[in-house]
Amino acid sequence: MKIIVNGKEAGSKETGCALCGATWGEYYEDVDGDRLFFCCDFCALEFKNMINEVKKRTGWSKIDELTINGNYYTGRTCVAKLGEKEYKFYVKFNEEGEVGIFKEV
């Protein structure tokens, strides 16, 4: 999965956390067959919850590309792609890392 966070490619230790773009930390998770870097387990939890919500709403089995703009405090405006298909959404997480607000845009 190709991931762009606030205009920069992310998802590895060199490029930054797959959710927030931070380069500190040492946490990895396998998501849809890709080993992704996260700064912490909380970002990994939020990322997986977001991906699962997109899959549930679109019926997709995977996501090819994900563009994320924003942060924890303001929420994130995102575009998920699967082949030629595109799904735009806004997401904000609650204090437990669960999807608190999710809107199609």
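Okay, let's start with Ile-3. Leaving out residues up to four places away in sequence, Ile-3 touches Lys-8, Glu-9, Ala-10, Ala-18, Leu-36, Phe-47, Leu-66 and Ile-68, where a contact means heavy atoms within 4.5 Å. Quick word on what we're looking at: this is a predicted model, where local features need pLDDT of at least 70, side-chain atom pairs count only at pLDDT 80 or more, and totals for chains, interfaces and linings use all residues. Residues are numbered from 1 along each chain as its sequence is written, and side-chain values use heavy atoms, with hydrogens and water left out.

Ile-3 also turns up in the largest nonpolar core, which has 32 residues. Such a core is a set of buried Ala, Val, Leu, Ile, Met, Phe, Trp, Tyr and Cys residues joined through side-chain atoms within 4.5 Å, and buried means under 20% relative accessible area with a 1.4 Å probe, protein chains only. Among the residues with the most contacts inside this core are Ile-3, Phe-47 and Phe-89. Helix α1 (41-58) gives the most, six residues. Helices (H or I, at least four residues) and strands (E, at least two) are DSSP runs, numbered from the N terminus.

Now, Cys-78: buried or exposed? Buried, with a relative accessible area of 1%. You'll find Cys-78 in strand β6, residues 75-82. Its partners beyond four places in sequence include Met-50, Leu-66 and Phe-89.

Last stop, the hairpin. Strands β3 (27-31) and β4 (34-38) pair in the antiparallel sense over five bridges; pairing takes at least two DSSP bridges. Val-31 stands opposite Asp-34, and Asp-32 in the turn has a positive phi of about 50°.

Note on methods. Buried means under 20% relative accessible area, exposed over 50%, partly exposed in between (1.4 Å probe, protein chains only).
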